[in-house]
Structure formats: C-alpha cells, structure tokens
Amino acid sequence: MTAAVDLDCRIPNNVGLADDPKVRRALESWQPKYLQWWHEMGPTEFEPNDVWLRTAISVDPGGWAHYDYVRMPDYRWGIFLTPREREAIIHVGDLTGTPAWNEVPGAHRNALRRIIVTQADTEPASVEQQRLLGRSAPSLYDMRNLFQVNVEEGRHLWAMAYLLYKHFGKDGREEAEQLLERRSGDPDKPRILGAFNQPCDNWLSFFAFTMFTDRDGKFQLAALRESGFDPLARSCDFMLTEEAFHLFVGETGMARIIRRAAQLERQDPDGDVRRQGGIDIPTVQRAINYWFSYCLDLFGGEVSNNAAQYFASGLKGRFKEGERYTDHLALEDIYELPVVENGRLTTRQIPLRNAMNEVLRDEYVRDCERAVRKWNRILEEENSEHRLALPSRRFHRHQGIYADHWFSPAGELIDEATFSAHRAQWLLGPEDQRYLDSIMKPVREPGKFANWIAPPAHGVKGQPINFEYVRNFE
Ligand code: BYC
C-alpha cells in the first residue's frame, strides 16, 4: 500500500511521486518557494555550517534515519507515510467499522482541509519563532538539537503540503502557497493559532516551547493518526516518530536548567541563583505558566461543535482511540466541566462528543504533570526547597470558556485588577526577558555548556557530549 522509498529523486518519498507526474511537478514547483522561505525565515545565519543531523530516509522502525553532517539548505526534506499492511477501517464516530477513505470524501472536504491547514501552519510558524536562537545556544549539543527540531518541522510541513497538493486540487495549491506567506507574529498575516504568534526568543522559552507546544503537537497528531482519512492518519503516524525527540529536547532542557538552578542556589551564600548567573526556579515557574497556558488554548474550546463534528464523521479520534476505547460512538456519556456561572465556579454536564477537545486536553495535562513530577524529583535530589507546579487550566486563557474571566494560577476566580497586579509574578515578562538576554551568551567550544544549564546525561546517537555537533563557524 506504499510505494518503495525513492531517495534519489528531487523530493525523497515513499508515496510514488515518480509515477504521479502531476503531483510531482506541483511539489517541484513549490520546492524553490519553500527553500526561499527557509532561507528568509529559518536559521539563516547558520546556512554555511555543517550540522550533524538526522534525516528521515525510510519508515522502517529499525532504521528510518541517517545521521551525518549536512548544511541545512541542503537538507533532504522528504515525504514519508507509514505503510499499511491491510486496508484501514474507520474506528471513530458514526462510520466505525467501514473502510477508511483513501480520497477526501466530498462531505468532509472543508473540515479536512481546515484541519490539515491548521496542522501545517504550526510547522513553519515554529521555525520562524526559533530562527534567531542559534545565536545564543548554550552549547554545540543544544544548537544541533535546535536545528534538528527546525529541519523536522520543515519536513512535517512537506508531509502536509503533499496532502494538500495530492488531495485538494486548486484549493490545496493555494493553501500550500499561503503556508509560506503567513508569518509568526505578523499582525497583517499572522499564523493561525495563538501560541504560534508568541515570541520564543530565549532558550528558556525554547525548552518550554518544545516541552509544552510540541507536546500539543504530539496529542493533536495522535488524534489525527486515528482519522478515517487514511493518508492523513499515515502521515501523522510517521511524524510522531520524529516528534518524540522534540519532546525529549524540551523536557530534558527544562530538567537541565532546573538542576543547574538548584546547584547554583547551593553555591550562593544567600541562595541567590540569579547572582550566580543561573535561571532561578520562580522564573522557570513563570515560563511554565506562560507556555502551558498558551498551549492549553491550542486544544480549542472546551465545548466545541467542531470537535463533535470531527469525531462524529471519523476525522479525528481520541488519544489511542483504537487501543484504549471500546465505545467509539461516544453518544451516551457526558463530561463534567467546571464553568463560571453568575460570577462563581460550578459544574455543567456536556455531551461527550462536544467535549472532545477537553478529553484530549486531559491527556495532555496528565502527560505534563508526569514531567513536572520528574523535575520536582531533581529539586529534591539537589536539596532544593523549591517545587514546580502546573497552573490551573483556567489560568491565563485566550480561547474557550475561561478566556473571558480572570483566574489565579491556583484556578480561583479573581478580578482583572488582581490579575494585573500579579502579572509579573505569574508570567514571564520584560524584566525576565532582559535578565535572560543578559545571561544567554553563545558557547561554541565542544563539550562546554553555559553556566545556566547542566550538561545532558549523554550525547546524541552514541556520540560523546564533546562531539563537534556543529562546525565551520566563520
Ligand atoms: N488560537 O471549536 P473551537 C504542532 C479557533 S501543534 C487561535 O473552539 P476546534 C506543533 C478555531 O480555529 C498541533 N484560534 O476549536 C507544535 C475556530 O475558528 P473558526 C497543531 C483558535 O476547531 C510545535 C474557533 O476558535 N495541530 O503540531 O474544535 C511545533 C472555535 O474553535 C485557537 C492542530 O491543531 C487558538 N489556540 O479546535 C510545531 C490540529 N483554538 O473556525 C508543530 C488541527 C481555537 O471559528 N487543528 N481557535 O474561525 C484542530 O484540530 C483544531 O482546529 C483545533 C481547534 C484543535 C486547533
């Protein structure tokens, strides 16, 4: 059900582009525009560098990636879909048990296009948000990881562009072009989702972004991997393989900052981490509050007709729908949702299908809680009294039912003045940014790390920590 891997043609792929001249030509004409976008909006300053990168070369779980030095503009962005051993069956919603679609069903064309475009838009957006971080990388190891994440977000864009060109005709072509025209944070042509228009201009934010925002990606891709539109399900399946490393970068990056903070706290006679040039735990907490709350927004409204529709029509499932659930109709159950009514918090019962965004958000929150428990164990090990916590899911929201109210990180309903008075204490702000800018100076000697971050436990793919992960600096 999948063509052989073709690595020698202009666009490496396992989707049979050689026998599909129309789509091949369309993608070949999109390629120079993509490269131009990468040149303008990617990590441009590092184009001459050799970076030790992983490149996807197949979908074989035993050996899908090749590691070598490559200049990023020469990276081989390919299109890979996970093969199917047998015909896929829809296993979500009203059509459960019927054959999955290999072509877009007319009735769901708009919804599917919207889902794919929204997913696609986040990929270039994140590259744009991170484009200047190479300048202040705390080590060659971290710089390489940043670029690995960037090129793979680029590859995910290719996967989505392929679906648009292959399955959505003229509309798909227009959408693919627009994906290269919108710009993160540009008020006139912003990226689609809120978190992808927020600046990510220091490494604390980068690690919080790969921890929390890429983790939204994990759960959204996992929900789309359950889609009845099989090409989408198969492309998301393979994207998740790459995504695991991005989450590793985020979770361990935060962990290394936290460990170093605790060490510097011990070193300073007054426990003043900033005086020692580190990132103190209250600042880490503010970064968690900031990015976690923006990322909760990425799941959409708590009560959503779109979500109910996507589930009913088999376009999007729950996390591990096939493995974890037996009732794929979800018509009987209800979801108990805390809501604000008459100025106080109470609970409302929502039909489960309408609460599917919230069901996915629950999975996400649980996964984030697991990581925070791990970080707290580090603080304990390092004898720090500090502890980190996720803020309430009502805190600092811009989408959904909580967006019109003000909440403390503990989730209590408060007024705007109280929120504003505490903003600098609760959320990463300009004062933090100034401090972070002052300590984030590049470290480019192999094996050396900036003072504000602990070294990783090991290097990448068997290489030592002091390997020259990026070389050829001018
Ligand atoms: N910002 O019914 P609602 C990733 C809009 S990350 C702005 O509440 P729905 C990655 C919504 O579009 C994963 N607008 O929500 C990570 C709608 O607008 P219209 C990306 C928002 O539709 C790191 C209106 O509010 N993948 O891969 O059920 C690096 C009401 O919508 C936001 C996906 O998102 C927001 N945060 O759910 C690189 C999967 N939230 O139509 C990559 C595809 C909602 O009224 N997307 N709105 O104009 C979807 O499945 C859904 O579109 C959403 C929203 C989950 C995003």
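Q: How many residues does the largest nonpolar core have?
A: This is a predicted model, in which local features need pLDDT of at least 70, side-chain atom pairs count only at pLDDT 80 or more, and totals for chains, interfaces and linings use all residues. Residues are numbered from 1 along each chain as its sequence is written, and side-chain values use heavy atoms, leaving out hydrogens and water. A nonpolar core is a set of buried (under 20% relative accessible area, 1.4 Å probe, protein chains only) Ala, Val, Leu, Ile, Met, Phe, Trp, Tyr and Cys residues joined through side-chain atoms within 4.5 Å. Those with the most contacts inside the largest core are F212, M254, Y364, W375 and W452, and its size is 132 residues.

Q: Which helix gives the largest share of this core?
A: Helices are DSSP runs of H or I with at least four residues, and strands are runs of E with at least two, numbered from the N terminus. The largest share, 16 residues, comes from α3.

Q: Which strands stand at the edges of the open sheet of three strands?
A: Two strands pair if DSSP finds at least two bridges between them. The sheet has the order β2-β1-β7 with antiparallel pairing.

Q: Is V23 buried or exposed?
A: V23 is found in helix α1 (residues 21-41). Its relative accessible area is 8%, so V23 is buried.

Note on methods
Buried means under 20% relative accessible area, exposed over 50%, partly exposed in between (1.4 Å probe, protein chains only).
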